[in-house]
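Trainee: Please take me through a few local features of this model, one question at a time.

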Amino acid sequence: MAAKKVTWLELFYDLLFVAAVSKASHVLLHVEDGILSLETLGKFVLIFIPIWWAWVGQTLFVNRYGQDTVPHRIFLIIQLFFVLIMTASLSVDFDANYHSFLIGYLGLRGMTAVQYHYVHSRETGHLRNTARYLGTRFWIGLVISACSLFFDSWLRYAVLYAGIALDIIIPLAGRRILVKTPANTHHLLERFSLFALILLGEAVVSILAVLQSSSWTGQSVGFAALTFILIIAMWWQYYDNLEKKVDKHVETAGQTIIYGHLFIYLSLCMLAASIQLLFLNQLHYDVMLNLIFGSVLLYFASTTLVFHVYRHKQHRLGIIHLTWLMVILICFYVLDIGVHVPNVLIMGEMALFFAVYAKITT
């Protein structure tokens, strides 16, 4: 499979999503009386999923059909306007900006569906069939989500996310059609890894927040240094796997990359928020442990799955490696539950875990 180059407009498109991701992540920083409620956590997930899916929809279209032509640029520029509308609408008080959020999301997804109709008349064979399948089916989810305008309270959100859920399921249901026009794995991995880099940037911003939230004491500098080691280890593990261990010539529908990265992205956002919450002691100790260890476990499981599927066979991890990593994580968690461990030490444990993860996997 020939390598497909990421265009400058795609990178600019990603840049506008930086603000959307940042606003979604900041929802996790709204804690009350030392508790991060399930409602707040659920709100973060429900805000993040439309952002992720809107970005995925355009990324997949470009992966199969994108060409750096004037019509394609115009479609993408129009979508950028809807990204701005959606991003401006994101907040903890979701109800107040619901209509503008819906306009932004429906505009983004609607333009993607229009693009599939546009290329359908210009393609032949399996590419034409794939464009027809996605272009027609995506309107179903959009119409359902648009019907949320006729409801109030929780029913509004139930209808909105029913449409989004159907939208997400459509490519899975049509896998037998999509595998006949396989995704360009090289381009797909590059696009998703660039988005992961944006989320790692959120963790770096958290380090700055730590250093700016108090005077430069030995504790704050030590915490920031350990956090920096943690982020570098995560970067090392992810991108070394991507460059050296993964077979980019595999021809599939790319759905393990697509859906597996949702959980990678969620865990990265949760880790970024955990860094600030851990340093500022804004959560009860047991809640904090569950948040940070849950985030790490989610990241570990999702990266293991995604890279295992696409790794060269000789580079795939064995059960013994996965077992050792799980044992390390469980031992740290049991120790921290049994003994009230200082925040700096908890961050040191996370940095050590990711350093070992990077060493074993790369």
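Trainee: In which helix is the place of Ser193?

Mentor: This is a predicted model, in which local features need pLDDT of at least 70, side-chain atom pairs count only at pLDDT 80 or more, and totals for chains, interfaces and linings use all residues. Residues are numbered from 1 along each chain as its sequence is written, and side-chain values use heavy atoms, with hydrogens and water left out. Helices are DSSP runs (H or I, at least four residues), numbered from the N terminus. Ser193 lies within residues 185-212, which form helix α8.

Trainee: Is Ser193 buried or exposed?

Mentor: Buried means under 20% relative accessible area and exposed over 50%, with partly exposed in between (1.4 Å probe, protein chains only). Ser193 has 5% relative accessibility, so Ser193 counts as buried.

Trainee: Which residues does Ser193 contact, leaving aside its neighbours within four places in sequence?

Mentor: Contact means heavy atoms within 4.5 Å. With those neighbours left aside, the contacts of Ser193 are Tyr238, Tyr239 and Leu242.

Trainee: Which backbone oxygen does the side chain of Tyr265 reach?

Mentor: Tyr265 is placed in helix α10, and its 0% relative accessibility is why Tyr265 counts as buried. Beyond neighbours within four places in sequence, Tyr265 is in contact with residues including Trp52, Phe195 and Leu199. At 2.7 Å, its side chain reaches the backbone oxygen of Phe192.

Trainee: How many nonpolar residues does the contact of α10 with α11 have?

Mentor: The classes count Ala, Val, Leu, Ile, Met, Phe, Trp, Tyr, Cys and Pro as nonpolar, Asp, Glu, Lys and Arg as charged, and the others, Gly among them, as polar. In the contact of α10 with α11 there are no charged residues, 8 polar ones and, as nonpolar residues, 19.

Terms used:
Helix = DSSP H or I, 4+ residues; strand = E, 2+ residues; numbered from the N terminus. Polar contact = N/O pair within 3.5 Å; in protein donor to acceptor, adjacent residues only side chain to side chain.
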